[in-house]
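Subject: Structure for you to look at

Dear colleague,

Here is the structure I said I would pass on. My notes on it follow below.

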Amino acid sequence: ISANGVIQYACAKGGGAGQIPIYKSVDSGTTWVATTSPSLVWSGIDTSGTGSFVTAITTGDQIYTSIDAGVTWIARDEARSWNGVSISSSGTFQVAIVNNGQIYASVDSGVTWVAKETNRQWRCISINDLGTTQIACDINRVLFHQFPLDRRISFTIDAIDSDVSLIDTAFTVETTTAELVILHDYDLSQGLNFTMTRTTEI
């Protein structure tokens with residue numbers, strides 16, 4: 001979704017919907033039109049603040065990027081089990097995760113990708129608007145704080161109960177402060193009892 005909410009992109013996540021293209025709305029989600037993207041099993045998508053830069057990931061295929069608001073798409077990097085993607089407001093800085101693989105980072109709007117970290121069961125990743133800070137979490141409830149793209153500090157959230165699984169992360173970023181929102185699932189067998197943790201210590 002763009003910064004003003006007008007331009008939005010959506011993809012069917014998971015194999016249940018089959019292989020379909022990415023859809024785009026230019027009226028805040030009122031109507032949707034299929035883009036020219038390939039029809040694949042998508043696993044995530046994100047866009048820049050203007051909605052011009054779009055990066056989508058697939059399960060078992062490549063990363064696909066667009067620099068013209070979804071008009072044309074280019075396949076990048078290699079076929080992997082991509083599991084999450086996040087891009088900065090400018091679209092320049094981008095990060096993506098591979099399930100049972102590494103974190104991949106791009107500093108050229110998704111044209112080239114460099115592997116970071118080690119192989120883990122990555123669950124989610126977020127980058128702030130400026131592209132200066134990234135947060136990633138794995139299945140073992142460990143958060144990895146990276147600043148800038150070539151450095152990493154790892155730490156564990158001690159306050160979380162042992163039964164908690166980290167599901168997703170998101171940044172709420174202002175000019176001088178940044179707040180991290182983390183979503184947890186306390187009952188994975190039923191998929192219920194979601195809670196949220198907020199922190200400014202990033």
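**Strand β7 and its neighbours**

Strand β6 (residues 74–87) and β7 pair with each other in the antiparallel sense, over five bridges. One point of reference in this pairing is Ser 86, whose bridge partner in β7 is Val 95. The hairpin of β6 and β7 has six residues between the strands, and Gly 91 in that hairpin takes a positive phi near 85°. Please keep in mind throughout that this is a predicted model.

β7 also pairs with strand β8 (residues 114–127), again antiparallel and over five bridges. Here Ala 105 stands opposite Val 114 in β8. β7 is mostly covered, with ten of its 13 residues buried.

Ser 106 belongs to strand β7, which covers residues 94–106. Is Ser 106 buried or exposed? Ser 106 counts as buried because its relative accessibility is 1%, and the cut-off for buried is under 20%.

- the side chain of Ser 106 to the backbone nitrogen of Gly 110, at 2.9 Å;
- the side chain of Ser 106 to the backbone oxygen of Thr 112, at 2.9 Å.

Ser 66 lies in strand β5. With a relative accessibility of 2%, Ser 66 counts as buried. The side chain of Ser 66 reaches the backbone nitrogen of Gly 70 at 2.8 Å. Leaving aside residues up to four places away in sequence, Ser 66 touches Ser 52, Phe 53, Val 54, Val 71, Thr 72 and Trp 73. Ser 37 is 29 residues from Ser 66 in sequence, and the C-alpha atoms of the two are 9.1 Å apart.

**Nonpolar cores**

Which residues form the largest nonpolar core? There are ten: Ile 7, Tyr 9, Ile 22, Leu 40, Trp 42, Val 54, Ala 56, Tyr 64, Ala 69 and Trp 73. Strand β5 (residues 54–66) gives the largest share of this core, three residues.

**The chain as a whole**

The chain has 14 strands and zero helices. Of its 202 residues, 43% count as buried. The accessible surface comes to about 9,900 Å², and carbon and sulfur atoms account for 51% of that. Among contacts with a separation of 6 or more, 32% are between residues 24 or more positions apart.

**Where to be careful**

The mean pLDDT of the chain is 79, and 66% of the residues score at least 70. The pLDDT is below 50 over residues 152–164, a stretch with 27 contacts in the model beyond near neighbours in sequence. Residues 173–178 also stay under 50, and the model has eight contacts for them beyond four places in sequence. Where pLDDT is low, the predicted coordinates should not be read in detail.

Regards

Methods
Residues are numbered from 1 along each chain as its sequence is written. This is a predicted model: local features need pLDDT of at least 70, side-chain atom pairs count only at pLDDT 80 or more; totals for chains, interfaces and linings use all residues. Side-chain values use heavy atoms; hydrogens and water are left out. Helices (H or I, at least four residues) and strands (E, at least two) are DSSP runs, numbered from the N terminus. Buried means under 20% relative accessible area, exposed over 50%, partly exposed in between (1.4 Å probe, protein chains only). Contact means heavy atoms within 4.5 Å. Accessible areas come from the Shrake-Rupley method with a 1.4 Å probe; for residues, only the protein chains shown count as cover. A polar contact is a pair of N or O atoms within 3.5 Å; within protein, one must be able to donate a hydrogen and the other to accept it, and residues adjacent in sequence count only if both atoms are side-chain atoms. pLDDT is the predictor's confidence in each residue, from 0 to 100. A nonpolar core is a set of buried Ala, Val, Leu, Ile, Met, Phe, Trp, Tyr and Cys residues joined through side-chain atoms within 4.5 Å. Two strands pair if DSSP finds at least two bridges between them.
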